[in-house]
Amino acid sequence: MKHSIKFNRTLLSAAIISLGVSFASVSQAGEFDGVTLKVATWGGSWKENIITKIAPKFEALGGTLEFVTGSPASNLAKLIAGRGKAPFDVMEVMDSQEQEFFVTNDFIQKIDYKNMSNVAHLQEGQYNDWRIASWHTQESICFNRDKFAELGIPTPTTYADLINPKLAGRVSIPDITSGGGMANFGGIAHAAGGDETNIKPGLDLIKQLNALKFWSRGGEVVTQFQSGDVYASIVHAGWCVRARNAGVNVATVHPVIGDKAVGVHKYGWLAIMKSSENVKAANWFLNEYNDADFQLEYARKSGVVPVNALALKALSSDPVSAEMLQLNPADIARQLRVDYSKVDKSVWMDQWNRSVSGQ
Amino acid sequence: MSHRKKVNMNTRWELVLLPSLIFVVVLIAGSQYVFLEGSFYKDLGLGRVGTDIDVSNYVRFFTDSFYLNTLWITVKTAALATFFTLILGFPVAYLIARMRSRWSMLLLAGIVVATFVTIVIKVFGLMIIFSADGLINKFLMGVGIVDTPYTIIGNQTGVVVGLMHYTLGFGVLLLYSVIQTIPRSFEEAAQIHGASRWRMHYRVLLPLSIPGITIGSLMIFNMSMGAFTSAALLGGGRVFTLPVLIQRTVMMEVKYSMAGTLSAVLLVTVLLINLLAIILIRRFRAARLVIA
């Protein structure tokens, strides 16, 4: 009988301990139990990288990641149409979409950096109360080395070097509505002697470039290189990396702009929507996005440049990235960033539309 | 008793039409009303719209050559696409309609399937076969017709080809159903009375097909006027039709009122052209009756 009681006590203790252990693991795993975090991002590899690297971690904590696929411009249109009631919690925001606009319209909320360990690896200016940088792109000239050699065209160093009869109708330029459209146009305007408030020199230079087309999605550029339609394209270096991976012998040039700048730099940002009810999960997501492993993997696959300093350093060991991107912080600092506070987007769009359509 | 039954039948048919009526009024007319109403306010920037009624967007549209040219390009590309779709589609539809073998059904099925392939895929297909290293340019350069590759990207020809690719299947199906309603015996009678094949087509088949061709043309034209994908992808950011401009105005400039104005102009233009076509056809038919 005594033995039986002792046995039962042991069994009971074991049961309590195992219950305690399972409860502890459940409470850890369930940090985001039942939470569905909606992220507004691009489709394709952008979304795929998040699905592969961040989604499993979030699911392990009990949550589910969902995506609202579209460009930042279309997501902003959804936000405006919904009068700030966003159908997503976190949104990718472009440099050209000014923070002030989001704040004054009460579209976004402040980020809580309390538990964001990865912020330690970001530089000043890459995060503030309202948004955190997620990557940057280096807008460049991507050109087909074989075709340039075949035609006897020297390696370009400026946008103007693409004005060549042998390249007539063989150059593609980003449309102003594309993700990098405004950054590249700003770069071209500066290179032609203009600036954010004087875009005519830029438009005149674009006319002289005699482009085949104004691309709206970077994927088009890879296809154009593969099909032989274009020999050079103004595009962010990541797409040039992808064209190389697709088997085209391409290289990048970071164009000289005026006396000081070499290349054009564009940030991607993340912001949390004011209407989000999943604030804790949204902050967790922002931190994970800036994790060194994720940033490195993301950079290798999509050709963007990490903002996490550890990932940026590690990327230098990737031969293709090291060749096509400027990974030295001093070089990055020399790249031009368009000052969007001086840009009247309506005027840019209107003048662009009239100029490229020949009207 | 039988009279009462007849009345009940009529009532039921009216009820069957009710859901479609509600759908059309609420979803289609309702959304158009939102655009039309929105077009009468002023854009204040960053998606904000004024509260006072204002016609400045319309004034801008009708006094600015850029917008008027865009309207002209939209109508011109749609009209060209309609014309060439009819030219290409009519013989195909005629052939299938008059075929006696089982191939006709197979061909029709093929056209139906091709019609429902999404336009994005169709346009990318065109871009591939017309690329510098593509099938068509290789052939044209191989036989010495062109020295340098011909491109359909970034010009109006490309947009017209894209619109034709989009509407050709619909066109053939519409024309097929029209030709099928014309008894084969009419053609045989004309030929028995000595009409050549060309004369039979010109004097018998074409006049009898005109009402169907008109409706078919208007449908193809209307589809082309509102088509966005072909114009956006093949236009290469250089050919601006009204749908392309509307998208840019909404997505990039977030000027909802101006986009509403552009939409209203597009809608009214399409309605007016349709109305004009119907009036002209009625007059044409009346004139023919008087002559007869």
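The following legends describe close-up views of a predicted model with chains A and B.

**View 1. The interface of chain A and chain B.** In this predicted model, 27 residues of chain A are in contact with 31 residues of chain B. The size of an interface is often expressed as the accessible area lost when the parts come together. Between chain A and chain B the buried area is about 2,600 Å², and carbon and sulfur atoms account for 55% of that area. The interface also holds polar pairings: 11 residue pairs are in polar contact between the two chains, counting pairs with both residues at pLDDT 80 or more. On the side of chain A that touches chain B, the elements that give two or more residues are helix H4 (72-81), strand E7 (213-215) and helix H16 (345-356) of chain A. The most is given by H16(A), with seven residues.

View 2. Side chains of opposite charge can pair when their charged atoms come close. The rule finds 19 salt bridges over all chains, and three salt bridges across the interface of chain A and chain B. A:Asp175 and B:Arg248 meet through their side chains in a salt bridge, at 3.0 Å from N to O. A:Asp175 is located in the loop between strand E6 (171-174) and helix H7 (181-191) of chain A, while B:Arg248 belongs to helix H11 (residues 242-251) of chain B, so the pair joins two chains. A:Asp175 has a relative accessibility of 2% and therefore counts as buried. B:Arg248 is likewise buried, its relative accessible area being 4%.

**View 3. A network of salt bridges around A:Arg354.** The network links A:Asp350, A:Arg354, B:Arg60 and B:Asp64. Within chain A, the side chains of A:Arg354 and A:Asp350 form a salt bridge with an N to O distance of 3.0 Å. Both residues lie in helix H16 of chain A and are four residues apart, about one turn of the helix. A:Arg354 and A:Asp350 are both buried. A:Arg354 also forms a salt bridge with B:Asp64, in which the closest N and O atoms are 2.5 Å apart. B:Asp64 lies in the loop between helix H2 (56-63) and helix H3 (65-98) of chain B, whereas A:Arg354 lies in helix H16 of chain A, so this pair joins two chains. B:Asp64 is buried, as is A:Arg354.

**View 4. The surroundings of A:Gln126 in chain A.** A:Gln126 is placed in the loop between strand E4 (108-109) and strand E5 (132-144) of chain A. With a relative accessible area of 5%, A:Gln126 is buried. Its side chain makes a polar contact with the side chain of A:Tyr267, at 3.0 Å. Leaving aside residues up to four places away in sequence, A:Gln126 touches A:Ile132, A:Ala133, A:Tyr267, A:Trp269 and A:Val307.

**View 5. A nonpolar surface patch on chain B.** The patch is formed by B:Leu15, B:Leu18, B:Leu21, B:Ile22, B:Phe23, B:Val24, B:Val25, B:Val26, B:Leu27 and B:Ile28, which together have about 930 Å² of accessible area. One of these residues, B:Leu27, lies in helix H1 (residues 2-38) of chain B. B:Leu27 has a relative accessible area of 47% and is therefore classed as partly exposed.

Conventions
Residues are numbered from 1 along each chain as its sequence is written. Chains are lettered from A and ligands numbered from 1 in the order in which they are written. This is a predicted model: local features need pLDDT of at least 70, side-chain atom pairs count only at pLDDT 80 or more; totals for chains, interfaces and linings use all residues. Side-chain values use heavy atoms; hydrogens and water are left out. Patches are made of residues with over 30% relative accessible area and no salt bridge: like charges are joined within 9 Å, nonpolar side chains (Val, Leu, Ile, Met, Phe, Trp, Tyr) within 5 Å. Accessible areas come from the Shrake-Rupley method with a 1.4 Å probe; for residues, only the protein chains shown count as cover. A salt bridge is a side-chain nitrogen of Lys or Arg within 4 Å of a carboxyl oxygen of Asp or Glu. Buried means under 20% relative accessible area, exposed over 50%, partly exposed in between (1.4 Å probe, protein chains only). Contact means heavy atoms within 4.5 Å. Buried area is the accessible area (1.4 Å probe) that two parts lose on being put together, summed over both. A polar contact is a pair of N or O atoms within 3.5 Å; within protein, one must be able to donate a hydrogen and the other to accept it, and residues adjacent in sequence count only if both atoms are side-chain atoms.
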